[in-house]
Amino acid sequence: MSEKTILCVDDEESILKSLRRLFRREPVRVLTASCGQEALELVAQHEIHLIISDFRMPGMTGTELLSVVSERSPETVRVVLSGYADAAAIVEAINRGHIFRFLAKPWNDDELRANVRACLDQQDLIVRHRKLTEELAQRNAELRTLTERQSALIEERTQTLRMAQEMIQALPLPVIGVSTDGTIALSNHEAELLHAGLVGRDIQEVLPANLSDAVRRSLSDPQNGREVARAHFSDDPFIAMVVPLIQGHSVRGSLVLLEASPCVI
């Protein structure tokens with residue numbers, strides 16, 4: 001157990017001397033005060049891990065002292081050491097001073113040392129709990145910030161996608177988007193005029209064979225770049241440009257742009 005600071009408060013000097021002797025060989029630093037006001041000054045000046053206070057003292061009672069300490073130094077474990085054992089007084093001390101233990105005078109040295117060790121262990125738990133709570137609050141705050149950023153990014157990308165879809169729909173040329181498995185994932189209004197119900201269909205079902213083959217090549221070997229093909233839709237000739245969609249080193253699909261051809265195939 002690392003060194004802790006214990007504050008002993010009693011208006012009898014003989015009691016304070018006995019407590020100093022008792023903890024002389026323990027890994028603790030012992031501070032003493034003969035009244036409540038002196039004890040509060042020490043609490044303000046030092047990090048007090050455990051305060052042991054007499055119950056009946058002139059001026060400020062032990063209950064009043066520990067009540068103030070619980071507000072000013074909530075991580076300090078509070079103990080009453082007294083020969084006064086009135087049940088109502090004990091309840092008041094627990095409720096007002098939020099004490100951890102009520103120990104009796106006269107005491108057994110071994111029992112008192114054991115109780116003090118237990119109190120200091122409790123203080124360690126209080127500190128750990130506070131630190132874990134702070135870490136959890138910090139992580140929750142970071143998670144909220146990350147979530148807000150992701151939501152903003154998703155919204156931004158959604159707006160961008162919506163704008164891109166609107167632009168594609170507004171194009172005066174037929175546009176068809178094909179996923180990597182050869183399924184049509186996108187078609188604008190002009191493309192639907194050529195062949196209704198394109199989305200969700202396999203390109204081999206709805207595209208001319210030579211255009212379907214060109215799209216397959218762009219999906220399997222996008223490094224060849226754009227490919228131009230001629231195709232008929234309802235006997236109308238079109239020139240088709242097949243553009244592979246590449247992200248990094250991966251192909252994401254192909255885009256087919258159709259333009260009416262003045263040539264008859």
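The paragraphs below go through the nonpolar core, the salt bridges and a charged surface patch of this predicted model. Local features need pLDDT of at least 70 and side-chain atom pairs count only at pLDDT 80 or more, while totals for chains, interfaces and linings use all residues. Residues are numbered from 1 along each chain as its sequence is written, and side-chain values use heavy atoms, with hydrogens and water left out.

The largest nonpolar core has 21 residues, and those with the most contacts inside it are Ile176, Leu207, Leu211, Val215, Phe233, Val256 and Leu258. Such a core is a set of buried Ala, Val, Leu, Ile, Met, Phe, Trp, Tyr and Cys residues joined through side-chain atoms within 4.5 Å, where buried means under 20% relative accessible area, exposed over 50%, and partly exposed in between (1.4 Å probe, protein chains only). Among the elements that give two or more residues to this core are helix H8 (209-220), strand E8 (227-233) and strand E10 (250-260); helices (H or I, at least four residues) and strands (E, at least two) are DSSP runs, numbered from the N terminus. The largest share of this core, four residues, comes from H8.

Side chains of opposite charge can pair when their charged atoms come close. A search of the whole structure finds 11 salt bridges, each defined as a side-chain nitrogen of Lys or Arg within 4 Å of a carboxyl oxygen of Asp or Glu. In one of them, Glu26 and Arg117 meet at 3.0 Å, N to O. Because Glu26 lies in the loop between H1 and strand E2 (28-33) and Arg117 in helix H5 (residues 109-170), this pair ties together parts that are 91 residues apart in sequence. Glu26 is buried at 18% relative accessible area, whereas Arg117 is partly exposed at 35%.

A salt bridge of 3.3 Å, N to O, joins the side chains of Lys105 and Asp54, linking the loop between strand E5 (101-104) and H5 with the loop between strand E3 (50-53) and helix H3 (62-72), 51 residues apart. Lys105 counts as buried at 19% relative accessibility, and Asp54 counts as buried at 6%. Asp10, Asp54 and Lys105 are linked in a network of salt bridges.

On the surface, Lys17, Arg21, Arg24 and Arg25 gather in a patch of positive charge. Patches are made of residues with over 30% relative accessible area and no salt bridge, like charges being joined within 9 Å and nonpolar side chains (Val, Leu, Ile, Met, Phe, Trp, Tyr) within 5 Å. Lys17 is found in helix H1 (residues 13-22) and counts as partly exposed at 43% relative accessibility.

Note on methods: Areas by Shrake-Rupley, 256 points an atom, 1.4 Å probe, with all protein chains shown as cover. Lys, Arg positive; Asp, Glu negative; His and termini not counted. Charge placed at Lys NZ, Arg CZ, Asp CG, Glu CD.
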